[in-house]
Amino acid sequence: MTQEQCAHRNNVSQEPHVYKVGIYGWRKRCLYLFVLLLMVLILVNLALTIWILKVMNFTIDGMGHLRITEKGLKLEGDSEFLKPLYAKEIQSRPGSPLFLQSSKNVTVNILNSKNNVVTRLVAGSNGIEAHSKLLEVKSSTGKLLFSADEREVVVGADRLRVLGAEGAVFSNSIETPHIRADPFKELRLESPTRSLFMEAPKGVEINAEAGNLQATCRNEMTLESKDGEISLDANNIKLPRLPKGTYSAAGAKQKVFEVCVCPNGRLFLSPSGTGSTCQISSSVCL
């Protein structure tokens with residue numbers, strides 16, 4: 001090998017080799033496209049987040065009509081709960097009413113320490129039902145107006161007024177110190193199919209101050225006093241349907257009669273004469 005060839009070879013071997021590092025060609029274009037799509041997704045996501053925050057009215061105090069306060073949650077406007085709501089206290093804003101609305105019913109349950117229902121209030125389309133050991137209604141001053149339990153029902157109002165056309169119907173006995181109708185109204189005590197008893201240890205008083213008093217029965221009416229007497233005190237006492245005896249004075253039309261009493265207590269009329277004619281007309285007693 002000549003000296004020139006050796007020198008040329010040494011020069012070639014001493015030239016530096018350059019290696020390219022990176023992504024080139026179609027890989028580079030795909031990378032730029034992916035980065036561009038990622039930026040577009042980030043911008044869209046950010047825009048949707050801002051829109052949701054704007055629509056839902058997110059603030060540092062709460063979301064929409066829901067506000068977080070020191071006393072709890074404050075909800076303004078109409079609200080709809082799809083599942084049970086558990087809260088210690090529910091109240092409306094000062095000066096505003098509180099409405100509870102449901103398409104089926106509204107149920108309020110009171111539980112004891114063992115999670116058993118002890119009191120239930122159901123307001124449905126058919127009415128209002130209350131399940132409890134005791135039901136009380138009181139006035140604003142704390143006076144008892146109405147109370148009901150398994151043993152008795154107590155009406156604490158000064159006056160109980162029944163406005164129904166058929167009045168009040170009691171299947172059993174009632175105890176009251178006073179029964180009175182409204183002014184200018186009739187008071188009627190009636191038992192259509194059974195008996196009617198009025199009892200009191202110190203007496204029963206029936207008084208009609210500005211009207212008539214009428215007692216009607218289909219069969220027999222008995223006035224009985226075991227230890228005392230029965231007094232009929234009036235300006236006029238009329239017994240229009242008493243039977244009449246057969247005796248009459250000859251040739252005279254009687255207009256005056258005397259009241260006679262049979263041994264069995266039956267009353268009848270006998271035409272008056274110079275003396276008593278009850279014995280002559282006693283055939284009515286047979």
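## A salt bridge to start with

The side chains of Asp158 and Lys143 meet in a salt bridge, 3.0 Å from N to O. Asp158 lies in the loop between E10 and strand E11 (257-261), and Lys143 in the loop between E8 and E9, so the pair ties together parts that are 15 residues apart in sequence. A salt bridge here is a side-chain nitrogen of Lys or Arg within 4 Å of a carboxyl oxygen of Asp or Glu. Asp158 is exposed, with a relative accessible area of 75%. Lys143 counts as partly exposed at 37%. Buried means under 20% relative accessible area, exposed over 50%, and partly exposed in between (1.4 Å probe, protein chains only).

This is a predicted model: local features need pLDDT of at least 70, side-chain atom pairs count only at pLDDT 80 or more, and totals for chains, interfaces and linings use all residues. Residues are numbered from 1 along each chain as its sequence is written, and side-chain values use heavy atoms, with hydrogens and water left out.

## The whole protein

The protein holds 2 helices and 12 strands. Both kinds of element are DSSP runs numbered from the N terminus (helices H or I, at least four residues; strands E, at least two). Along the sequence the pattern reads α-α-β-β-β-β-β-β-β-β-β-β-β-β.

Of the 286 residues, 6% count as buried. The accessible surface comes to about 28300 Å², and 54% of it belongs to carbon and sulfur atoms. These areas come from the Shrake-Rupley method with a 1.4 Å probe; for residues, only the protein chains shown count as cover. Among contacts with a separation of 6 or more, 11% come from residues 24 or more positions apart. Contact means heavy atoms within 4.5 Å.

## Helix H2

Helix H2 spans residues 26-55, 30 residues in total. From first C-alpha to last it reaches 43 Å, close to the 44 Å expected at 1.5 Å a residue. The expected span is 1.5 Å times one less than the number of residues. Just after H2, Asn57 takes a positive phi of about 55°.

Strands E5, E6 and E7 form an open antiparallel sheet in the order E5-E6-E7. E5 (106-111) and E7 (127-131) stand at the edges with a single partner strand each, so one side of each is left without a neighbour in the sheet. The twist averages 5° from one strand to the next. Angles run from 0 to 180 degrees between N-to-C directions, with axes fitted to C-alpha atoms, for helices over the stretch in contact. E5 pairs with E6 (residues 117-124) over 6 bridges. Two strands pair if DSSP finds at least two bridges between them.

The other sheet runs E8-E9-E10, again open and antiparallel. Its edge strands are E8 (135-138) and E10 (153-155). Neighbouring strands are turned by 10° against each other on average, direction ignored. E8 and E9 (residues 144-148) are joined by 4 bridges. Glu136 stands opposite Ser147 in E9.

## The other salt bridges

The whole structure has 3 salt bridges. One joins Lys138 and Glu136 at 3.8 Å, N to O. Glu136 is partly exposed, at 40% relative accessible area. Another joins Asp149 and Arg151 at 3.5 Å, N to O. Asp149 is partly exposed at 26%, and Arg151 is exposed at 70%.

## A buried leucine

Leu269 lies in strand E12 (residues 267-271). Leu269 is buried, with a relative accessible area of 16%. Leaving out residues up to four places away in sequence, Leu269 touches Leu242, Pro243, Lys244, Gly245, Phe257, Glu258 and Val259.
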